[in-house]
Amino acid sequence: YSVLIFMGLLSIFKRKKEDPGVGTVPSNGVNALADGILFEEEGIFLKWGADIEADKLYVKKEYRADRIIYQWGERVILNGLKLPLKTVCWNHKQHGDTKSLESIEFLSEEMDAEDQFKTIRDHLDAILGKSRQDEDMEPGEIALEWRIKAVKVALNLYNKERPKIKFEIG
């Protein structure tokens with residue numbers, strides 16, 4: 001009996017497992033970035049590494065031969081940035097059946113891609129500070145990056161045949 005009491009006392013030193021999925025909703029999307037992504041209008045917080053399938057908060061799931069694309073729909077993130085977002089889970093990078101949230105992205109090849117790039121860049125510069133720019137890009141291409149602890153926020157403009165932007169957090 002005394003062994004059971006002693007073991008019970010030791011249990012207070014054990015770490016409690018945290019639910020890696022939907023967590024306590026932070027009040028600020030920028031402060032939350034180190035731990036996950038906050039969909040501000042819905043008050044939904046998804047932790048990095050969480051199982052995407054656990055709460056099925058995505059709008060649509062698309063299967064491709066080498067990946068699954070989770071469409072999140074148009075969401076507001078990072079203190080007011082509204083974009084149609086998605087997560088791509090490459091089959092060769094994911095382990096087992098769990099599809100974990102490693103990144104979230106926005107991709108556009110619309111005619112106004114350059115204007116979208118400037119709008120996103122100005123918003124990110126205002127809330128995250130000045131970006132670092134990759135100098136090793138082709139003429140007409142821009143790669144910007146911000147760091148929040150281990151999380152990278154990247155914004156790229158490619159302009160080969162027509163302008164294309166990619167915005168990714170992960």
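Strands E7 (132–133) and E8 (142–148) run antiparallel and are joined by two bridges, where strands are DSSP runs of E with at least two residues, helices are runs of H or I with at least four residues, and both are numbered from the N terminus. Two strands are said to pair if DSSP finds at least two bridges between them. The model is a predicted one, in which local features need pLDDT of at least 70, side-chain atom pairs count only at pLDDT 80 or more, and totals for chains, interfaces and linings use all residues. Residues are numbered from 1 along each chain as its sequence is written, and side-chain values use heavy atoms, with hydrogens and water left out.

**Strands E7, E8 and E9**

- Across the pairing of E7 with E8, Gln-133 stands opposite Leu-144 in E8.
- E8 also pairs with E9 in the antiparallel sense, over seven bridges, and Ile-142 stands opposite Leu-157 in E9.
- The hairpin formed by E8 and E9 has two residues between the strands, and Lys-149 in the turn has a positive phi of about 55°.
- Five of the seven residues of E8 are buried, which leaves this strand mostly covered; buried is defined as under 20% relative accessible area, exposed as over 50%, and partly exposed as in between, with a 1.4 Å probe and protein chains only.

**The largest pocket**

- The largest pocket holds about 220 Å³ of space.
- A pocket is an open set of points on a 1 Å grid over the protein atoms alone, where a 1.4 Å probe fits and protein lies on both sides within 12 Å along at least five of seven lines, and its lining residues have an atom within 4 Å of a point.
- Its lining has 13 residues, and those closest to the centre of the pocket are Leu-144, Glu-145, Lys-152, Ala-154 and Asn-156.
- Strands E7, E8 and E9 (151–159) are the elements that each give two or more residues to this lining.
- Sorted by class, the lining has three nonpolar, four polar and six charged residues.

**Lys-160 and its contacts**

- Lys-160 lies in the loop between E9 and strand E10 (163–169), and it is exposed, with a relative accessible area of 54%.
- Leaving out residues up to four places away in sequence, Lys-160 touches Glu-138 and Glu-141, where contact means heavy atoms within 4.5 Å.
- Lys-160 and Glu-138 are 22 residues apart in sequence, and their C-alpha atoms are 9.4 Å apart in space.

**Strands E4 and E5**

- Strand E4 (residues 67–77) and E5 run antiparallel and are joined by 10 bridges, and Gly-73 has Leu-85 in E5 as its bridge partner.
- The two strands form a hairpin with three residues between them, and Leu-78 in the turn has a positive phi of about 50°.
- Strand E5 (residues 81–90) is largely enclosed by the rest of the structure, because seven of its 10 residues are buried.

**The protein overall, and confidence**

- The secondary structure comes to four helices and 10 strands, and 40% of the 170 residues count as buried.
- Among contacts between residues at least 6 apart in sequence, 45% join residues at least 24 apart.
- The mean pLDDT, which is the predictor's confidence in each residue from 0 to 100, is 84 for the protein, and 82% of its residues reach 70 or more.
- Over residues 10–20 the pLDDT is below 50, and this stretch has four contacts in the model beyond near neighbours in sequence.
- Where pLDDT is low, the predicted coordinates should not be read in detail.

Key:
Points joined across faces, edges and corners; volume = space filled by probe spheres on them. Nonpolar A, V, L, I, M, F, W, Y, C, P; charged D, E, K, R; others polar.
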